[in-house]
Amino acid sequence: MESLKNMKLSQLKPGQTGIIKEFTDLEMSIKLMEMGCLPGESICVERFAPLGDPMAITVSGYQLSLRKLEASTIILHK
Amino acid sequence: MSGDLKVALVGNPNTGKSTLFNVLTGLNQKIGNFPGVTVDKKTGTCKLPDGRSALIVDLPGTYSLYPKSKDESIVFEILADKSNPVHPDIIVIVSDASNLKRNLLLYTQVADLKIPVLIALNMMDLTKKAGTHIDIDSLSLKLGVQIVPVSARQGENIDKLKEAISFTSVVPLQHDTIEVKELAPGLISKIQEELHLDKPYTALQFAHQHENLRFLSKQESDRVEEIEQEFSFHSQKAQAAETIARYHFINGLLSDTVKYKAGVEAETFSNKIDRVLTHKIWGFFIFFAVLFLIFQSIFAWSEYPMSLIEALFVWLTELVHKLLPAGVFTALLTDGILAGLSGVLVFIPQIAILFAFISILEDTGYMSRVTFMMDKIMRKVGLNGKSVVPMIGGLACAVPAIMSTRNIGNWKDRMITIMVTPLVSCSARLPIYTVLISLVVPDKKVAGLINMQGIALMAMYVLSITMAIFVAWVMKYLLKAREKGYFIMELPVYRLPRWDNVLLTMYEKVKTFVFEAGKIIIAISIVLWVLATYGPPGKHAEIEKKYRSAAYVNKYNTEELNLHRSSEMLETSYAGVIGKVIEPVIKPLGYDWKIGIALITSFAAREVFVGTMATIYSVSNDDAHISSVGEKMHQARNPETGLPVFTLASSFSLMVFYAFAMQCMSTLAVVYRETKSWKWPLIQFVYMTALAYIASLIVYNLLK
């Protein structure tokens, strides 16, 4: 899945999985890491809200919802 | 309330912390406010097996000691301030066993504060169902703390938890988690030394949070700031490094104590429900069906108990009149105090019903999905996904609706919701709309089916909701945010509601309203009674004399006499005087001084408008027979011009005025209680009155 290289979490489609590489926003990253989104952790996109934003993801065994803007600060690697 | 031992419950949101608190304390609980924030401070007592009694404090749920909101900042403030009245001797960390990794982050932070701690491991049933095995003994040994698996919902192992609390040593025995001093070498020791702190982690937290810790003196806070400069401390980088170090520690800890079931995960039950409940079409359909059910229930189910409460007070008033001699004291008791009390208690059914629903929505996990679905639309106008429920609740009554805004975590979103909810047309406006519409809108059908009066009524509702959304949008730019508008939110798994919790919530909310907002409502009722009863000296006695004179007694029967008398009394009362004083101000809106009196008396509650109209217009017709309010208003004429008072223009102007004006003391009282300051109810009163005035002026001049 070459196409997922260095993608943002917000670009994934429902059902797709990625592994967190890094964050582009320090302040946001603190909150995200506290919620279990750590580099190396795998994330699966579950669904988007009916109006396309926010999105629901599964990370370290539970579901988290976040806005696309927030998700775009998470960089994934394959 | 006091105890031999103070125990604080600390944990992530959705871990069953509040359920555990309810199980431990039962009805021995007290709800207050933490000073300075509108977050419920729940304390309760619990008997321990060794005979001691423990004071249990339920602290706000948080994912970390680094607060993301004002509510969350309470947690560290209490844990770090030894002089705080609820500073705990023991901390119970309530953890969700099915989500142990994330829950342990908060544990490691709290453990490093070196207050005696133990872990209550909740939701073991979910963990077992998922096939996860946790070696509790080994984990307990590694951390150096007692771990008690409990099921707060089923009340399992609560005795063991109480036992563990009583066995907990007064000295902290937990092992160190991470090397705290390495996170900020030099800085931590220096702060410890200067502020005489024995715990390195407390010193580090001070470095991060000193600006917001209210128990630190200005000098102490400034000194911490200087030390930070000296060591060029970067708060965010240090926090990120700390979180990574803590998760590293937790991963090591869990690697040989927790075994997850191998194999591909089947789609979870919650996911299946979510596919329907957050579906593109069905999701909204179901949500609006739920809202409709809530709205209908508040209206329909509360009608009977509300009429019972009102009937009870009518009976009580009559009883007092029978038992006590007529006079000022009796009048004060019946028309001031009893009327005020009735005005408070009549809200109980609506509050109880709305909170039963809200508690079910929160408990099942559906409220998070509502937020998830509505976030995009609501954010555009400065509101929150969770604002939908208070705004729909506002269609029935703004009082319970404003109380329900506590569920909105973000301060700015919550304030905007509180400020605009009273604009949504509540059920008390309905009698005003119907009386005025039936006066001026013909009862005719357009195109054979659509009733003109129905359209007019609907237009009032549409107008009120549109205005609420517009004001919210304006306030989005006016109000400064206190916290960053994150949306990062856990979607908890769906669970069945806990009925005892539903009942407890209803009880708590009713109690809070009656005791806190009730005081203010009764006080204002008495003031309004004085205004409507007393007038400048002399006038009232004259009227009494006039109506006792033979000419009057012979002309009218007793009922008519009483009506005429009370009408003249009201006219010469202080309320009447004020009505006349404000006449020049309200004349441009198409109102006379009689409507001015109604504007003043209906500040108690909007529905009082109709009653006041009935009293005040009882003398305006010459044949003096007792007619319905509608007829009286229809016949009302302007004495100067002889034209009807209630024209299309003045009636719509009046309806628009009532739609937008803050004509409800109960709402103001509840806004005061929810914001803990008179500033917000005052702003609300001023902006709504100004809005109502301008809108009515425009409507009157357009229709004139």
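Guide: A crossing of two helices is left-handed if the near helix is turned anticlockwise from the far one by less than a right angle, and right-handed if it is turned clockwise. The model discussed here is predicted.

Visitor: What makes the contact of helix α27 with helix α28 of chain B a crossing, and at what angle do the axes cross?

Guide: The axis of α27(B), residues 593–601, comes within 9 Å of the axis of α28(B), residues 608–616, and the two cross at roughly 145°. The hand of this crossing is right-handed, so by the rule the near helix is turned clockwise from the far one.

Visitor: Which residues make the contact?

Guide: From α27(B) they are B:K594, B:I597, B:A598 and B:T601. From α28(B) they are B:V608, B:F609, B:T612, B:M613 and B:I616. Six of these residues are nonpolar, two are polar and one is charged. B:K594 takes part in the contact, and Lys counts as charged.

Visitor: Why is B:V585 called exposed?

Guide: B:V585 has 11 C-beta neighbours inside 10 Å. A residue is exposed with 12 or fewer, so B:V585 falls in that class. B:V585 is found in helix α26 of chain B, residues 583–586.

Visitor: What makes strand β1 of chain B mostly covered?

Guide: A residue needs 20 or more other C-beta atoms within 10 Å to count as buried. Five of the seven residues of β1(B), residues 5–11, are buried, so the strand is mostly covered. Over chain B, 43% of the 704 residues count as buried.

Visitor: How do you know that β1(B) pairs with strand β4 of chain B, and which way do the two run?

Guide: Pairing takes at least two bridges. Five bridges join β1(B) to β4(B), residues 53–58, so the two strands pair, and they run parallel. B:A8 stands opposite B:V57 in β4(B). Another five bridges join β1(B) to β5(B), residues 90–96, also in parallel. In that pairing, B:A8 stands opposite B:I91.

Visitor: What forms the sheet that contains β12(B)?

Guide: Six strands form an open sheet in the order β5(A)-β1(A)-β2(A)-β3(A)-β4(A)-β12(B), with antiparallel pairing.

Visitor: Why do β5 of chain A and β12 of chain B stand at the edges?

Guide: Each has a single partner strand, so one side of each is left without a neighbour in the sheet. Neighbouring strands of this sheet are turned by 45° against each other on average, direction ignored.

Visitor: How do you know that strand β4 of chain A pairs with β12(B)?

Guide: Three bridges join β4(A), residues 62–66, to β12(B), and at least two are required, so the strands pair. They run antiparallel, and A:S65 stands opposite B:M489 in β12(B). Within chain A, five bridges join β2(A), residues 42–48, to β3(A), residues 55–59, in antiparallel fashion. There A:R47 stands opposite A:A56.

Visitor: How many residues does each chain give to the contact of chain B with chain A?

Guide: Chain B gives 30 residues and chain A gives 28. On the side of chain B, the elements with two or more residues include α3 (100–111), α12 (282–323) and β12 (489–491). The largest share, six residues, comes from α10(B). By class this side has 14 nonpolar, eight polar and eight charged residues.

Visitor: Which domains does the assignment give for chain B?

Guide: The assignment gives domain 1 (5–258), domain 2 (282–424 + 469–500) and domain 3 (504–703). The C-alpha centres of domain 2 and domain 3 of chain B lie 26 Å apart.

Visitor: What makes up the contact of domain 2 with domain 3 of chain B?

Guide: Each of these domains gives 27 residues. On the side of domain 2, α13(B) gives the most, with 10 residues. That side has 20 nonpolar, five polar and two charged residues.

Note on methods. Residues numbered from 1 in each chain as written. Chains lettered and ligands numbered in written order. Predicted model: local features only at pLDDT ≥ 70, side-chain atom pairs only at ≥ 80, totals over all residues. Axes fitted to C-alpha atoms, helices over the stretch in contact; angles between N-to-C directions. Helix = DSSP H or I, 4+ residues; strand = E, 2+ residues; numbered from the N terminus. Contact = placed C-beta atoms within 7 Å. Domains from an automatic or database assignment.
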